[in-house]
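These are my notebook entries on one protein structure. I set down what I looked up, in the order in which I looked.

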Amino acid sequence: MKNPIRFNSARSTLILFLVIILAIQSCKEEKKKLTEEIPEQKEITSVIDVITNNMDFQAPDTIPSGWVTWKYQNKSSQPHFILIDDPIDTITVKEFEEELLPPFGEGITLLYEGKNDEAFAAFGKIPEWYGGTVWPGGVGLISGGHTARTTLKLNPGYYIMECYVKMPNGMFHTNMGMYKVLVVSDEVSPLPNPVRTFPLQFPEKPVYHLNHRLAQEPLRSQ
Ligand SMILES: [Cu+2]
């Protein structure tokens, strides 16, 4: 016959053991849950990647403000660039698409057909608000298969990046869909202000060329 005291003792030990295991497991799960609830600290980037595969911009929708380095890979077979448009605040990409692109497309087509008067009439339909656009920078013309880097400073706001290199028939890449909305956020890039590495001094006399010899002898009219 089993000893009831020893049997009960063994059962109690087993129960205690199970309770401890469950408590440890529960503690682990609680810890895991807490870890999941705390959002990871997102690092603000100072470098953005932009890729063109054909007639497109693969790029982040939102980038930080301040100094940011743009790494632009042109993976297509033709040259492209990035021009950043800063339209007046009331303009959205809808107006850009519906009011600005059509007259540019119509005008350039007519111009290539030799219909100059009609072309300029089409360009005349460019909306008045376009005059308020400013262009704070971009990445210069880059051949297919190459990568360009540039660092520029943007203030928070709403921008449109575009490439208006022309097709063989004269049509702008922008009209072929090569534009993208870009939001510059209030989050500031950690990149510090650039440091001057080459001092330029401008004399009081006007200088017409950066050529050293000509800089000392301003050009005279013939
Ligand atoms: Cu282009």
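**Entry 1: a helix pair.** I looked up how helix 2 (residues 93–112) packs against helix 3 (residues 116–123), and found an angle of about 170 degrees with the axes 8 Å apart. Axes here are lines fitted to C-alpha atoms, for helices over the stretch in contact, and angles run from 0 to 180 degrees between N-to-C directions. Helix 2 and helix 3 are therefore roughly antiparallel to each other, a term for angles over 145 degrees. Helices (H or I, at least four residues) and strands (E, at least two) are DSSP runs, numbered from the N terminus.

I then noted the residues that meet: Pro 103, Glu 106, Gly 107, Leu 110 and Leu 111 in helix 2, and Asn 116, Glu 118, Ala 119, Ala 122 and Phe 123 in helix 3. Contact requires C-beta atoms, placed from the backbone, within 7 Å.

**Entry 2: the model.** The model is predicted; local features need pLDDT of at least 70, side-chain atom pairs count only at pLDDT 80 or more, and totals for chains, interfaces and linings use all residues. Residues are numbered from 1 along each chain as its sequence is written. I found an average pLDDT of 84 for the protein, with 73% of the residues at 70 or above; pLDDT is the predictor's confidence in each residue, from 0 to 100. Over residues 217–222 the pLDDT stays under 50. Where pLDDT is low, the predicted coordinates should not be read in detail.

**Entry 3: the elements.** I recorded four helices and seven strands. Along the sequence their pattern is α-β-β-β-α-α-β-β-β-β-α.

**Entry 4: the core.** Which residues have the most contacts inside the largest nonpolar core? They are Ile 82 and Met 161, in a core of 19 residues. Such a core is a set of buried Ala, Val, Leu, Ile, Met, Phe, Trp, Tyr and Cys residues joined through C-beta atoms within 7 Å. Strand 2 supplies the largest share of this core, four residues. I listed what Ile 82 touches, leaving out residues up to four places away in sequence: Val 50, Tyr 72, Gly 138, Val 139, Met 161 and Cys 163.

**Entry 5: Ile 48.** I located Ile 48 in strand 1 (residues 47–52). Ile 48 counts as partly exposed because it has 17 C-beta neighbours inside 10 Å; a residue is buried with 20 or more other C-beta atoms within 10 Å of its own, exposed with 12 or fewer, and partly exposed in between. The C-alpha atoms of Ile 48 and Thr 69 are 6.3 Å apart, although 21 residues separate the two along the chain.

Note on methods:
Parallel < 35°, antiparallel > 145°, perpendicular 65-115°, else oblique. Contact = placed C-beta atoms within 7 Å.
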